[in-house]
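Keep the 3D view open while you read, and look up each residue as it is named.

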Amino acid sequence: MTVRTTLTASLIALTSWAADAQQPDLANRRLTPEDVRRVAPALEAYTQDGLYGDVWKRPGLGRRDRSLVTVATLITRGQYPALTYYLGQALDNGVRPAEISETIVHLAFYAGFGNAFGAIGPTRDVFAQRGIAPDTLPKAAPTLLPIDEAAEADRARRVGESFDAVSPSLVKDTTEVLFRKLWLRPDLAARDRSLVTVSALIASGQVAQIPYHLGRAMDAGLTREQAGEVISHIAYYAGWPSAFSAMAVAKTVFEARPK
Amino acid sequence: MTVRTTLTASLIALTSWAADAQQPDLANRRLTPEDVRRVAPALEAYTQDGLYGDVWKRPGLGRRDRSLVTVATLITRGQYPALTYYLGQALDNGVRPAEISETIVHLAFYAGFGNAFGAIGPTRDVFAQRGIAPDTLPKAAPTLLPIDEAAEADRARRVGESFDAVSPSLVKDTTEVLFRKLWLRPDLAARDRSLVTVSALIASGQVAQIPYHLGRAMDAGLTREQAGEVISHIAYYAGWPSAFSAMAVAKTVFEARPK
Amino acid sequence: MTVRTTLTASLIALTSWAADAQQPDLANRRLTPEDVRRVAPALEAYTQDGLYGDVWKRPGLGRRDRSLVTVATLITRGQYPALTYYLGQALDNGVRPAEISETIVHLAFYAGFGNAFGAIGPTRDVFAQRGIAPDTLPKAAPTLLPIDEAAEADRARRVGESFDAVSPSLVKDTTEVLFRKLWLRPDLAARDRSLVTVSALIASGQVAQIPYHLGRAMDAGLTREQAGEVISHIAYYAGWPSAFSAMAVAKTVFEARPK
């Protein structure tokens with residue numbers, strides 16, 4: 001293939017990711033509250049009274065953080081229809097458009113490229129409705145934040161010692177693409193990037209990586225109380241089993257940290 | 001925001017969950033058997049002969065239970081298109097509309113609220129086709145079943161001792177929202193509620209909670225033979241790996257119980 | 001029900017699986033590169049430069065294998081919109097139509113029947129566009145490859161000893177439906193069947209079965225270098241957490257094998 005043909009093909013691939021996320025007739029296909037009542041009246045009550053009336057108002061975690069956690073959970077689980085509402089709510093709660101953009105980019109790596117592309121359609125619609133211009137969004141290659149060379153060298157050494165003989169390219173990409181590039185993009189704070197990552201891990205049942213990333217989130221300022229609220233918040237969006245598995249791992253993380 | 005605005009916003013959120021589950025042109029988009037033959041003729045044979053001709057007819061688990069297990073598995077995995085057929089079949093096999101309604105409410109907590117809302121559209125359609133009136137469905141706040149205070153206090157104490165210092169709100173909601181409310185709703189028997197929960201755990205690969213819930217299911221009357229058939233049934237709907245992981249855990253549960 | 005009625009009902013069930021995968025207006029709903037730029041310009045750069053410009057060109061795993069791994073990953077994760085592009089690319093990269101057909105049949109068992117049916121619509125479209133005739137595809141019941149009776153007897157004995165008392169029907173189906181039938185279908189080589197299986201396990205986070213199937217893949221010719229590249233390739237399509245969990249298990253597999 002010529003370079004031109006390759007580029008055309010990969011643009012098709014790029015856009016094909018999200019074919020089902022762009023739904024011009026989305027509004028017409030929305031369920032009404034009456035539909036919910038015709039099937040499960042209790043579901044409406046649990047949503048209004050329990051989820052919106054209680055969980056979202058708990059003081060242990062701010063509404064902005066809850067929005068970021070919810071958006072990350074929905075993208076990780078591929079639940080794009082609800083995303084339109086929660087993206088609008090995230091903006092209302094103080095998440096900046098640039099932070100939403102970076103959350104999607106971040107989740108390409110922590111939930112899969114397909115999940116990130118699935119979020120493009122709903123986000124484009126919400127940004128358009130709000131008049132959010134593309135020039136306010138993070139560039140493809142911004143000036144990166146300074147790196148903590150000692151900490152990163154230590155991380156890279158430990159991962160390399162364990163896994164250089166297993167998947168050298170994953171070890172290399174983890175360093176060069178993730179920790180020396182993605183994590184240093186300036187438009188999502190380190191603490192928020194960790195919050196998004198931990199949410200993705202809980203929402204996808206990937207508990208094995210929770211200790212590293214929850215520790216990193218707490219190093220960046222996430223408190224124990226906030227971490228506990230993140231878990232109970234995600235219980236509603238990803239199910240109790242995911243939250244219970246995460247709570248068991250969080251316990252070991254809390255106990256291993258200095259008070 | 002005023003109360004009114006908040007309510008409107010949350011009704012939008014409520015209904016936005018299931019935007020993609022309501023498909024007016026669903027029938028027109030169905031694949032024909034000829035489509036399957038044009039891609040994978042063996043898939044038709046495995047479905048007709050293996051799945052419907054053998055698995056569904058095995059005596060170890062009744063067709064009603066298999067319907068409940070299948071519906072729970074599909075909702076947990078977000079596979080709504082197949083749900084329309086399996087909901088109709090569930091009604092034919094003796095699952096009552098009120099039990100389907102409660103299964104959806106139950107799975108809001110064990111598979112995630114988005115998954116429950118995803119089931120609303122197909123269920124509304126099936127209920128409408130069958131002339132099932134909303135007044136036959138469980139109310140939002142029915143008279144609850146009596147609770148086994150000793151057993152619940154023991155469960156709450158053990159969970160609290162382990163996790164009060166990790167996620168106090170998850171511990172609290174587990175007691176107040178789940179075990180003192182959801183599990184006592186009268187229109188789904190304790191044994192069936194456990195069957196739905198275990199199916200959700202297997203279907204989502206959340207093996208860590210299987211021991212508690214499988215034990216609870218067996219306390220409520222699920223036999224070993226039935227549990228074994230639940231696992232092999234779900235193998236077809238959620239894949240062999242989910243079933244094998246569940247089988248390994250079920251073995252430890254069986255061995256720890258008195259014969 | 002009469003036999004005729006049963007057959008009709010199950011044909012409806014058969015086709016209802018994939019209702020949302022058949023999208024006549026798929027092309028109109030595609031996102032444009034401009035849509036991606038309006039939300040996350042970096043996502044386009046990471047896709048073009050990182051994924052297509054680097055990962056897909058790495059020498060450790062051929063493009064044909066990468067296509068097979070990607071298609072298996074997307075089907076396992078239910079990401080059908082991207083499948084259309086990647087199926088065409090798989091054919092361009094040397095995957096035969098019969099191999100794609102067998103991959104779908106294989107994944108019915110390793111990712112779930114619903115996932116296999118979800119792949120029918122996009123595959124039918126791609127086959128139709130390429131003029132691939134149904135008579136070139138594997139039959140429902142082809143002449144099977146010879147079996148290694150000693151190895152299969154050993155596998156069956158070990159599984160039976162552990163699990164005959166837990167789920168006898170799953171043990172039986174694993175032998176009779178999978179290892180004495182599915183795995184012996186001739187149109188997907190043993191090594192490729194293992195490659196598809198391992199990809200499904202990584203993509204669904206089912207690490208517990210990776211040791212057996214990765215060992216089997218390597219017995220059939222998959223090299224360590226290729227296995228390591230499979231893991232880093234899937235990192236992009238299913239997220240870093242899935243890949244890291246798989247890498248930890250692969251390490252134990254590599255260390256337990258003779259050099």
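This is a predicted model: local features need pLDDT of at least 70, side-chain atom pairs count only at pLDDT 80 or more; totals for chains, interfaces and linings use all residues.

Chain A can be laid on chain B by a turn of 120° and a shift of 0.0 Å along the axis, with an RMSD of 0.0 Å. That is the relation of a three-fold axis.

**Symmetry**

- Which residue of chain A comes closest to the rotation axis? Look for Gly205(A), with its C-alpha at 4.7 Å.
- Only 2% of the interface residues of chain A are also interface residues in chain B, so these copies meet through different surfaces.
- For chain A and chain C, too, 2% of the contact residues of chain A recur in chain C, and the copies use different surfaces.

**Where chain A touches chain B**

- Here 55 residues of chain A are in contact with 59 residues of chain B.
- The area buried between chain A and chain B is about 5000 Å², and carbon and sulfur atoms give 68% of that area.
- The interface of chain A and chain B has 2 salt bridges.
- In a salt bridge you can find in the view, the side chain of Arg58(A) meets that of Asp173(B), at 2.4 Å from N to O.
- There are also 16 residue pairs in polar contact across the interface of chain A and chain B.
- On the chain A side, the elements that give two or more residues are α2 (33-37), α3 (41-52), α5 (83-92), α12 (224-238) and α13 (240-256).
- The largest share of that side comes from α13(A), with 11 residues.
- Sorted by class, the side of chain A that touches chain B has 32 nonpolar, 11 polar and 12 charged residues.

**Where chain A touches chain C**

- This contact takes 59 residues from chain A and 55 residues from chain C.
- About 5000 Å² is buried between chain A and chain C, of which 68% is given by carbon and sulfur atoms.
- How many salt bridges are there between chain A and chain C? The count is 2.
- Asp173(A) and Arg58(C) meet through their side chains in a salt bridge, at 2.4 Å from N to O.
- Polar contact links 16 residue pairs across the interface of chain A and chain C.
- The elements of chain A that give two or more residues to this side are α1 (3-16), α6 (97-110), α7 (113-129), α8 and α9 (168-179).
- Among these, α7(A) gives the most, with 10 residues.
- By class, the side of chain A that touches chain C has 36 nonpolar, 17 polar and 6 charged residues.

**Side-chain pairs to look up**

- Over all chains, the structure holds 39 aromatic pairs.
- Phe163(A) and Phe244(C) are edge-to-face, because their ring centres are 6.3 Å apart and their planes are at 75°.
- Phe163(A) lies in helix α8 (residues 149-163) of chain A and Phe244(C) in helix α14 (residues 240-256) of chain C, so this pair joins two chains.
- The total over all chains is 78 salt bridges.
- Within chain A, the side chains of Asp192(A) and Arg64(A) meet in a salt bridge, at 2.6 Å from N to O.
- That pair links distant parts of the chain, with Asp192(A) in helix α10 (residues 190-203) and Arg64(A) in helix α4 (residues 63-76), 128 residues apart.

Note on methods. Residues are numbered from 1 along each chain as its sequence is written. Chains are lettered from A and ligands numbered from 1 in the order in which they are written. Side-chain values use heavy atoms; hydrogens and water are left out. Contact means heavy atoms within 4.5 Å. Buried area is the accessible area (1.4 Å probe) that two parts lose on being put together, summed over both. A salt bridge is a side-chain nitrogen of Lys or Arg within 4 Å of a carboxyl oxygen of Asp or Glu. A polar contact is a pair of N or O atoms within 3.5 Å; within protein, one must be able to donate a hydrogen and the other to accept it, and residues adjacent in sequence count only if both atoms are side-chain atoms. Helices (H or I, at least four residues) and strands (E, at least two) are DSSP runs, numbered from the N terminus. Ala, Val, Leu, Ile, Met, Phe, Trp, Tyr, Cys and Pro count as nonpolar, Asp, Glu, Lys and Arg as charged, and the others, Gly among them, as polar. Copies are superposed by least squares on the C-alpha atoms of residues with pLDDT of at least 70 in both. Rings of Phe, Tyr and Trp (its six-membered ring) pair if their centres lie within 6.5 Å; planes under 30 degrees apart count as stacked, over 60 as edge-to-face and the rest as tilted.
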